[in-house]
Amino acid sequence: KARTAVGNIKTESLSEIRSLRAPPEIIRDILEGVLKLMGTQDTSWNSMKTFLAKRGVKEDIRSFDASRIQTENRQAVERLMSTKRDSFDQKFAKRASVAAAPLAAWVDANVKYSRVLDKIRPLEREQNKLKQNLDNAETQLVELNANLSDVDATVAKLKEQLSQFTKEAAEIEIGLNDVNRTLASAENLVYKLEDEYQRWQEQ
């Protein structure tokens, strides 16, 4: 709303203010608020007139990004608005100049918005920090999952090898059993032959 009102200020109204040799205190206070919020520390009348003479000054004010307002500048304007309360009252501002009222509303709106931003910024920083921590945790989780996949693959390979070794061991055991049976049969046969030989000798 304040931006729209600034955009509707007539160029002639600004020229009228600029042409004043000794502007009313209300106008000086309002313009001081505008300049300080926009980062200009020189708030002399010459500086104000130079500011108003700039091409596209209305658009500069209207499109000004309140996030650029420095805290100390806003606090200075807050003190100004507190000590010169009437200067930023719409009723008194309108009496001083047609252009003064929308500029006063713009100052008030941007001060309030900047104050809100100051409260939000720590929360945004904390949110960004938490998001970064979450991103890091997700990255670590992906890496762990990748490592687990490698471990699973290794375990599967070892299981396969163990199964193969177990199978081979079983086959070897079967072979040994066959050999042992063959040896036992051979030994038994040898004993029988020796007995036969002994009996034959005795005859």
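**Entry 1: helix H4**

I began on the outward side of H4, where Asn46 and Thr50 are exposed (over 50% relative accessible area; buried is under 20%, partly exposed in between, with a 1.4 Å probe and protein chains only). A note to myself: this is a predicted model, where local features need pLDDT of at least 70, side-chain atom pairs count only at pLDDT 80 or more, and totals for chains, interfaces and linings use all residues. Residues are numbered from 1 along each chain as its sequence is written, and side-chain values use heavy atoms, leaving out hydrogens and water.

Helices here are DSSP runs of H or I with at least four residues, numbered from the N terminus. In H4, residues 45-53, I found Trp45, Ser47, Met48, Phe51 and Leu52 buried. Seen down the helix axis, these buried residues fall within an arc of 160°, so they line one face of H4 (the arc is taken from the directions from the axis to the C-beta atoms). I then looked up their cover, which includes H2 (11-18), H3 (25-37) and H5 (57-62).

**Entry 2: Thr43**

Thr43 sits in the loop between H3 and H4. Its relative accessibility is 19%, so I count Thr43 as buried. Beyond neighbours within four places in sequence, Thr43 is in contact (heavy atoms within 4.5 Å) with Arg28, Glu32, Leu35, Lys36 and Met48.

**Entry 3: aromatic rings**

My search of the whole structure gave one aromatic pair. The ring centres of Phe64 and Trp106 are 6.0 Å apart and the planes meet at 55°, so this pair is tilted (centres within 6.5 Å make a pair of Phe, Tyr or Trp rings, using the six-membered ring of Trp; under 30 degrees is stacked, over 60 edge-to-face, the rest tilted). Phe64 lies in the loop between H5 and H6 (71-83), and Trp106 in H8 (residues 100-202), 42 residues apart.

Conventions
Helices (H or I, at least four residues) and strands (E, at least two) are DSSP runs, numbered from the N terminus.
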